[in-house]
Amino acid sequence: MFRPVRLVLLIHNHQPVGNFDHVFEDAYQRSYLPFLEVFENFTPLRISLHISGPLFEWLDDHHPEYLRRVDALVKGGRIEIIAGAFYEPILAMIPTCDRIGQIAAYREFLEQRFQTTVRGMWVAERVWEQAFTRDIVDAGIRYTVLDDFHFKSAGLDEEELFGHYITEDEGRIMSVFPGSERLRYTIPFRDPEETLAYLREIGQRHPKAVVVFGDDGEKFGSWPTTYKHVYQDKWLERFFSALVDNADWLEVCTLGEAFQAVPPLGRVYLPDCSYREMTEWALPPKRQEELEAIAHEFTGSSRWARLRPFIRGGFWRNFRVKYPESNEMYSRMMEVSHRLQRAETQSVDAARTEALHRARQELYRAQCNCAYWHGAFGGIYLPHLRHAVFQHLILAEQFLDEAEGKPECWVEDVVADFNFDARPEVRLANDKLAVYIAPLAGGHIYELDIRNIHHNLLGTFTRRPEAYHQKIRHKSQSRSSEVASIHDLVIFKQEGLDKALVYDLYPRKALVDLFLPLGQKAENLAAQRIELLGDSASGEYQARVQRRSDRVRLLMTRDALVAGQIVRISKAITLSAGSPTLEVAYLLENLPPECPWEFAVEFNFAGMPPGLPDRFYRSPEGEQLGDLGSVLDLPHQTEITIVDQWLNLDLCLRLSRPGGIWTYPVGTVNGSEAGFELVYQSVAVVPHWQILPDTAGRFLVTLELCARSLQSGQQCDKPALVASSSG
């Protein structure tokens, strides 16, 4: 029987590395399981299914019965298993060897698990660059799906998109199907008949047409309001019934079947691109607002349909510019990847091979894409996803240490361009800590790894403008009861978000040096309603490393302009072998006799949420001072401790000179698929002193930061009462 239209339903099920277990379970109960249960009853239908590696591992541990049901459908010819890179990285984010490695590893894993041939691939977030073709083909893949937006950006017309095209790089050839943006918005949000009517129109114009719907399985139940709509109101049953009822002209088939049955429409080379919405999210906020204004201005105009295909947003890699935190994770991941590549070229024994294998698995997990960008989902704004990236990178490094035979107690320093800004950074590390310092960016510590708990204390996030903040300010809350795509929803998960819109004057890192007028309060810093006296928070330091066999020291100096006065700032960071303590000594010179200023050193610590009884501030006397959401203004202090029982961490900050200590939580207002929300990112701990210079115009203070495990019995030495010279 001749049927003019083939419809491919490619369902992409994914949960990121580091997501909460209850989120996996909720998505399983509301999306993955009920979808499969409905689909099983419609035996004429066939679909393609991609289950990401992180989700597959979770299902294997928690719901193996689901995978057995999928396996039965694969063997029955009703499901085609689609591969991808194992832990769902965006391909533009990882080096070539890891692209090929992740794709080949998952393809081989799936073929062995389901005893089937796997030749199709899901490209994470459909982020595409033409050079990926050779890596994908080298990994054993023959076809994939991108968005029709990619093809339109290459100059193709809507009427040329109902099939697949071959593409090529360095002689490697594969096929690429355009996925329909229109179907992404009608399925499952519109009545099934609207989709059927659209497919009928295509069939009338294009015999042998192939139309591909490729999108998230979570939109069938997990996205807001969709569970009731899709299952309780039986949208999915009605949709599948409509497909079966129209089998005289519509064939629902797998991607592989369409690839085999329909010859390519031609050749195409696709530009660096993603789906339309992603290119808009990649823009800087102001440009994103301008694009939205243009779209609003032209919507409804007869000219817009002609203009729209020629309008493109930004380039995905620029998320690493838009969010410096993304670049921090990326550059750290690249450091580990390159170190692993070097280690794998050396001679091996069985124990070393196993350590390298485990290091590679941890590296691959750290490459999961969701923490590296932000759009309709929380993404990089979600602390637990960022912390998971660092957790797996730190674990990978520990396996590399094991493979390289590092001693039990050691200390080292490395000067290199770690974050790819064409300027040197410094890494001080020992068997307990790894410290990354940027002398030319305020002399900040921008990463501080506690190795035994695999946690980066500075996996923080700086508050900055987003284009959607205007919606929050205008309180434009949707009151429609219509089921909508997450791209169209405007939901506020809590009240007062407009008052929480605060933008930071400096990065949320450690050793941020602040000169302030007298009389500041913790509330002023929290709201960033402060006057910075000079550029000490972000200025450039000259740096040199001093080495001994058992310790390393980074000495940084600069001349800062403070309220019209040139002040020399020296700060030295010292790390000793075997020690969980970081010592920081400050020396301020050329101070005027009368100094109406305060000197403050801000630390921001991540991964410590407020409002929980097992995470709190503690005084030297052992008194609990409040949970980590507390805004504290403590005078005349020499010590404060942060206790995080969940992290098994006792973090003690000691001062050689008594001073005040401010604390406050730092939260961002950001969007997610469930609506706009306030997410706590870090806690700020800010020791500060009224500057009282000595007769030589100098002010000295030493700080010690000790990271001790609660159950380890580690001890942190008490600091001297008076700081020594930072030299």
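Start by selecting 542-547 and 551-562: these are strands E17 and E18, which pair antiparallel over six bridges. Strands here are DSSP runs of E with at least two residues, helices are runs of H or I with at least four, and both are numbered from the N terminus; two strands count as paired if DSSP finds at least two bridges between them. Before going on, note that this is a predicted model, where local features need pLDDT of at least 70 and side-chain atom pairs count only at pLDDT 80 or more, while totals for chains, interfaces and linings use all residues. Residues are numbered from 1 along each chain as its sequence is written, and side-chain values use heavy atoms, with hydrogens and water left out.

**Two hairpins in a row**

E17 and E18 make a hairpin with three residues between them. Click Arg-544 and look across to E18: its bridge partner there is Leu-555. E18 and E19 form a hairpin with two residues between them, and Ala-563 in the turn has a positive phi of about 50°.

Next, find the open sheet ordered E11-E12-E13-E14-E15, with antiparallel pairing. E11 (411-416) and E15 (455-456) are the edge strands with a single partner strand each, so one side of each has no neighbour in the sheet. Zoom in on E14 (444-450) and E15, antiparallel and joined by two bridges; Ile-450 has His-455 as its bridge partner in E15. Then show helix H16 (324-344), which packs on the sheet and touches E12 (425-430), E13 (433-438) and E14. The direction of H16 makes about 55° with that of E14 (axes are lines fitted to C-alpha atoms, for helices over the stretch in contact, with angles from 0 to 180 degrees between N-to-C directions).

**The cores**

Which residues have the most contacts inside the largest nonpolar core? Select Ile-79, Phe-220, Leu-236, Phe-240, Leu-243 and Trp-316, out of 131 residues in that core. A nonpolar core is a set of buried Ala, Val, Leu, Ile, Met, Phe, Trp, Tyr and Cys residues joined through side-chain atoms within 4.5 Å, and buried means under 20% relative accessible area (exposed is over 50%, partly exposed in between; 1.4 Å probe, protein chains only). Centre on Trp-316: leaving aside neighbours within four places in sequence, its contacts (heavy atoms within 4.5 Å) include Ile-90, Met-93, Met-278, Tyr-372 and Trp-373. A second, separate core has 60 residues, among them Tyr-541, Tyr-586, Leu-591 and Ile-640.

**A proline in a strand**

Pick Pro-665, in strand E25 (649-672). Buried or exposed? Pro-665 is buried, with a relative accessible area of 16%. Beyond its neighbours within four places in sequence, its contacts include Leu-628, Val-631, Tyr-680 and Val-683. Tyr-680 is 15 residues away along the chain, with 7.1 Å between the two C-alpha atoms.

**Zoom out**

Of its 727 residues, 61% count as buried. Its C-alpha atoms fill a box of roughly 100 × 65 × 45 Å along the principal axes. Among contacts between residues at least 6 apart in sequence, 72% join residues at least 24 apart.
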